[in-house]
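This report is an introduction for a reader who has not seen the structure before. It covers the overall fold, a pocket, some salt bridges and a surface patch.

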Amino acid sequence: MTKTFKLSVIFFISTLFLVLMRIIFSFSNLSDNVSGWLFSFAVQVVGMGLIPLLLYKFWVKDDILTGLYIKTKIPTKIFGLAIVIGFLFRYLTVGVSVIYQVIIRLLGFTHINSAGTIYSGPEVLIMDILCTAILPAIFEEITDRGITMRLFNDVKEDKMKIIFMAILFALAHQNIVQTGYTFAGGLVIAYLAVKTKSILPGVIVHFMNNFFSVISGYSGQHNGLFAFYENKLFQLINDYFLLAVISFIVCGVVLVMLLRYIADIMKKSSSDAARKELSQPENFHTYTPNGSNLEHLNDLFGFSTPKNAIKIRSKWYEYAFLYGAIALGLLTTLFTFLWGLWR
């Protein structure tokens, strides 16, 4: 079995585990708070944490930190830029969510909000930050970015990798209400992961987005300043929709510029590292320009010239379980849409 096939199986198991947990917890009689926390622990820590990590370590037999792009050396400034992107990302996802909600409601979808978390005390806020912001930011990035980026290692074009990863991320939420903004957000975080070859910038952005959601809920129940200004923002969007759309577009443009700047930083960093390696005396004897006449001289005198390794691309059937994971995501997402139409 190839590595691609094994990674495909791992992603399928993680997706299937999420479906099973949704079914099991739908019969739970626990309070919304406790049920939500237990569901998050089960899905994040076990389904997207322990299961994929253990299988990757002992079945794929690869190093977790380097193989899943956790331990990647990137310029420090990228972490600062990720924080800036986190703020822009939050505002942009709010805009995408509002527009997306309008579209699906025009299609006849009825969305009923659950009671959600009841913030009866600070301990509830702490638990919600842990379960809604910290755990997903870590474990979803490991599975939805680390595993999938390794899975699509054979895909040459970064653009296709990013789109594939964003689609999988949107379908992984298995909820039509979340599909729109998770796809848009998935494009941003996948771009960060692919260009930096690290999931850590995405962890920062993911955490900030979910953290602001938690603070928004807490502030709303306690008449806090965050909820006050957020309500003003929503009122502004309703009253001056065109102006709001323009602000979302400006935010998106700035976000794209920052992402491209990060890509340029990584490209320059890679070039500098390559030049530094070639400048080392011990590496000098192994370097010969491709296609130069020196290759023939090397062969004549018995020296070996480094050749580009021929990389065997994965076959379509090695992604069989990935197709299964996509089918599961599509079916559950479609079910939530049809359920909203029937209400």
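## Terms for the pocket lining

In what follows, Ala, Val, Leu, Ile, Met, Phe, Trp, Tyr, Cys and Pro count as nonpolar, while Asp, Glu, Lys and Arg count as charged. The others, Gly among them, count as polar.

## Overall make-up

The model is predicted. The chain contains 13 helices and zero strands. Read from the N terminus, the order of elements is α-α-α-α-α-α-α-α-α-α-α-α-α. Of the 343 residues in the chain, 44% are buried.

Gly180 sits in helix α7 and counts as buried because its relative accessibility is 15%, under the 20% limit. In sequence, Gly180 and Ile104 are 76 residues apart, yet their C-alpha atoms are 9.7 Å apart in space.

## The second largest pocket

Which kinds of residue line the second largest pocket? The lining divides into 11 nonpolar residues, one polar residue and two charged residues.

The second largest pocket has a volume of about 330 Å³. It is lined by 14 residues, and those closest to its centre are Leu187, Val188, Tyr191, Val256 and Leu259. Helices α4, α6, α7 and α10 (241-279) are the elements that each give two or more residues to this lining. The largest share comes from α10, with five residues.

## Salt bridges

How many salt bridges does a search of the whole structure find? The search finds four, and three of them are described here, starting with Asp62 and Lys3. The closest N and O atoms of Asp62 and Lys3 are 3.3 Å apart. Asp62 lies in the loop between α2 (32-60) and α3 (64-67), and Lys3 lies in helix α1 (residues 3-26), so the pair ties together parts that are 59 residues apart in sequence. Lys3 has a relative accessibility of 40% and therefore counts as partly exposed.

Another salt bridge joins the side chains of Glu230 and Arg90, with 3.1 Å from N to O. Glu230 is in helix α9 (residues 225-239) and Arg90 in helix α4 (residues 77-106), so this pair links distant parts of the chain, 140 residues apart. Are these two residues buried or exposed? Glu230 counts as buried because its relative accessibility is 13%. Arg90 also counts as buried, at 15% relative accessibility.

The side chains of Lys195 and Asp158 form a further salt bridge, again with 3.1 Å from N to O. Lys195 belongs to helix α7 (residues 176-196) and Asp158 to helix α6 (residues 158-172); the two are 37 residues apart. Lys195 is partly exposed, with 25% relative accessibility, and Asp158 is partly exposed, with a relative accessible area of 24%.

## A nonpolar surface patch

Which residues form a nonpolar patch on the surface? The patch consists of Leu334, Phe335, Leu338, Trp339, Leu341 and Trp342. Together these residues have about 640 Å² of accessible area.

One of the patch residues, Leu341, is in helix α13 (residues 320-342). Leu341 has a relative accessible area of 31% and is partly exposed.

Conventions:
Residues are numbered from 1 along each chain as its sequence is written. This is a predicted model: local features need pLDDT of at least 70, side-chain atom pairs count only at pLDDT 80 or more; totals for chains, interfaces and linings use all residues. Side-chain values use heavy atoms; hydrogens and water are left out. Patches are made of residues with over 30% relative accessible area and no salt bridge: like charges are joined within 9 Å, nonpolar side chains (Val, Leu, Ile, Met, Phe, Trp, Tyr) within 5 Å. Accessible areas come from the Shrake-Rupley method with a 1.4 Å probe; for residues, only the protein chains shown count as cover. Helices (H or I, at least four residues) and strands (E, at least two) are DSSP runs, numbered from the N terminus. Buried means under 20% relative accessible area, exposed over 50%, partly exposed in between (1.4 Å probe, protein chains only). On a 1 Å grid over the protein atoms alone, a cavity is a set of points where a 1.4 Å probe fits but cannot get out, and a pocket is an open set with protein on both sides within 12 Å along at least five of seven lines; lining residues have an atom within 4 Å of a point. Grid points are joined across faces, edges and corners, and a volume is the space filled by probe spheres set on the points.
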